[in-house]
Amino acid sequence: MDSLIIFLVLLSLGYVFGKLAEGRHYRSIHAREEMLVRLPATSCKKPMEHSIPISHAELVHGHVVISVDYFKQMLAGLRNIFGGTIQSYETLLDRARREAILRMKERCPTANQILNLRIETSSISKGGSGDRIGAVEVLAYGTAIYFQQASPSLSHP
Amino acid sequence: MKYQPSLPEHNDNVSHQQPVREFFMLMAGVLAFVLIGYWALGLVVDVAVDYLSPEQEAQLHNTLDIDWDMGEETKPDEQAKLQSLVDSITPCLALPYPITVSLVQSDAVNAIAVPGGKMVVFSGLLDSVSSTNGLMFVLAHELGHFKNRDHLRLMGRGIVLSILAMLALGGDSGFSDILASTINLRTAKYSQTRESQADRTALQALQCHFGHVGGATELFESLKSREEGLSFEMLHYFSSHPELQQRIDNLHQLAKELGFSQQKIQD
């Protein structure tokens, strides 16, 4: 009986605080994506404008570790029995990937483009089947390129 | 190629569904599965019980080693009297092992068949039946549970429930503790068929021992008259218990069917 009460308390705590945290995170993601939308991050290997010479390039990366709440973890556990899409983990991965890309962009706010974008995901789980940590780490990395300042001699040879 | 900065209008990577609803649906599925499992394993227990020898039963009981904790025995004289009554009627039931009686101080009007060949009689019972025949029927009824192995059915279901509980909750404490908490013998009730089967066995034992079944309904008559004297609120509580008149009628009916005579009993 005690474990059932603890379970229900954890479940409702997980639901309420998980929902709050997720809402807050999405608001932050939307605002920052709006701000950084002018810095393209693509998986192209070459810059989109070939004509402009590049002054320098650098490796940039951003990574984030996010955990699911208890409620989502239980929901995923139940899904594990019946099968089907684990919808409760979708927001976790969506947020983690977008956050990692945002952090990467925030490292090079003056860059013109980020090329060769790669995203890697790894799950972090510790402990036995009973109390395992359900968290993902997402790493986004790419090559930030800076165009040469458009000098008069260059633009008008 | 020109890069046009824009953000997607919709997030197609996230399903916008109600997780709480999904949780309850899945939980209901799991519960239904567990209930069906419990019911099906209960039927398996019923079958297995018939194949269990008394030796295996004793072994099982020793292995599980459950502390039933029924209360203190305070009246050795009356307990010895009950023991001799039980011993005298045991041959009529052809029980494969001796039953030990334990008289426990309590207001409860009840007797319980405890796994391991132990019968617990609560002292409240002795105040409700005055005749030997009336008392003997109750004792024979409990012996009937032993003979029909109802205590094993109860314990088997308890084992099934404990295993399911351990699977679901991941039990930290010992299996025996969980088992003891799932089987509450004081409140445990056998199904109506098991009860009337035990009544039948008890009637046959009474006929074998006394040559008639008089006094069989004494306890229920006494409980009924007590119930009639109670106030409305108390009645409400008791009305959740099995219908006494029904039980009395059934016993009379059964005695008639079996051709047993019901002689009047002197106190």
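In strand S3(B), B:Met119 is the bridge partner of B:Ala113. Two strands count as paired if DSSP finds at least two bridges between them. S2(B) and S3(B), the latter spanning residues 118–122, pair in the antiparallel sense over four bridges. Helices (H or I, at least four residues) and strands (E, at least two) are DSSP runs, numbered from the N terminus.

This is a predicted model, in which local features need pLDDT of at least 70 and side-chain atom pairs count only at pLDDT 80 or more, while totals for chains, interfaces and linings use all residues. Residues are numbered from 1 along each chain as its sequence is written, and chains are lettered from A and ligands numbered from 1 in the order in which they are written.

Stay with S2(B). B:Ala111 and B:Ala113 point one way from this strand, and B:Ile112 and B:Val114 point the other way. All of these are buried. A residue is buried if 20 or more other C-beta atoms lie within 10 Å of its own, exposed if 12 or fewer, and partly exposed in between, with C-beta atoms placed from the backbone. The hairpin of S2(B) and S3(B) has three residues between the strands. There, B:Gly116 takes a positive phi near 105°.

Now the whole sheet. Strands of a sheet pair through backbone hydrogen bonds, either parallel or antiparallel. In chain B, three strands form an open sheet in the order S1-S3-S2, with mixed pairing. The edge strands are S1 (100–104) and S2 (111–114) of chain B, each pairing on one side only. Neighbouring strands of the sheet are turned by 20° against each other on average, direction ignored.

Two helices pack on this sheet. Contact between two residues is taken as C-beta atoms, placed from the backbone, within 7 Å. Axes are lines fitted to C-alpha atoms, for helices over the stretch in contact, and angles run from 0 to 180 degrees between N-to-C directions. Helix H3 (residues 76–93) of chain B touches S1 and S3, and its direction makes about 145° with that of S1(B). H5(B) touches S2 and S3 of chain B, and its direction makes about 25° with that of S2(B).

H5(B) also leads on to a helix pair. Helix H5 (residues 132–147) and helix H8 (residues 192–210) of chain B pack at an angle of about 125°, with axes 8 Å apart. H5(B) and H8(B) are therefore oblique to each other. Angles under 35 degrees count as roughly parallel, over 145 as roughly antiparallel, 65 to 115 as roughly perpendicular and the rest as oblique. The crossing of H5(B) and H8(B) is right-handed. A crossing is left-handed if the near helix is turned anticlockwise from the far one by less than a right angle, and right-handed if clockwise. Residues of this contact include B:Phe137 and B:Ala140 of H5(B) and B:Ala202 and B:Leu206 of H8(B). By class, the contact of H5(B) with H8(B) has nine nonpolar, six polar and two charged residues. Ala, Val, Leu, Ile, Met, Phe, Trp, Tyr, Cys and Pro count as nonpolar, Asp, Glu, Lys and Arg as charged, and the others, Gly among them, as polar.

H8(B) has another partner. With helix H11 (residues 244–258) of chain B, H8(B) packs at an angle of about 50°, with axes 10 Å apart. That crossing of H8(B) and H11(B) is right-handed. Among the contact residues are B:Leu203 of H8(B) and B:Leu254 of H11(B).

Next, backbone angles. Most residues other than glycine have a negative phi, and most peptide bonds are trans. B:Arg149 is not a glycine, yet has a positive phi of about 60°. B:Arg149 lies in the loop between H5 and helix H6 (150–169) of chain B. B:Arg149 is buried, with 20 other C-beta atoms within 10 Å. A:Asn116, also not a glycine, has a positive phi of about 55°. A:Asn116 is in strand S2 (residues 113–124) of chain A. A:Asn116 is partly exposed, with 16 other C-beta atoms within 10 Å.

That brings us to chain A. Chain A has four helices and three strands, running α-β-α-α-β-β-α from the N terminus on. Of its 157 residues, 21% count as buried.

Finally, the contact between the chains. Chain A gives 18 residues and chain B gives 19. Helices H1 (2–36), H2 (70–82) and H3 (90–107) of chain A each supply at least two residues of the side that touches chain B. H2(A) gives the largest share, five residues.
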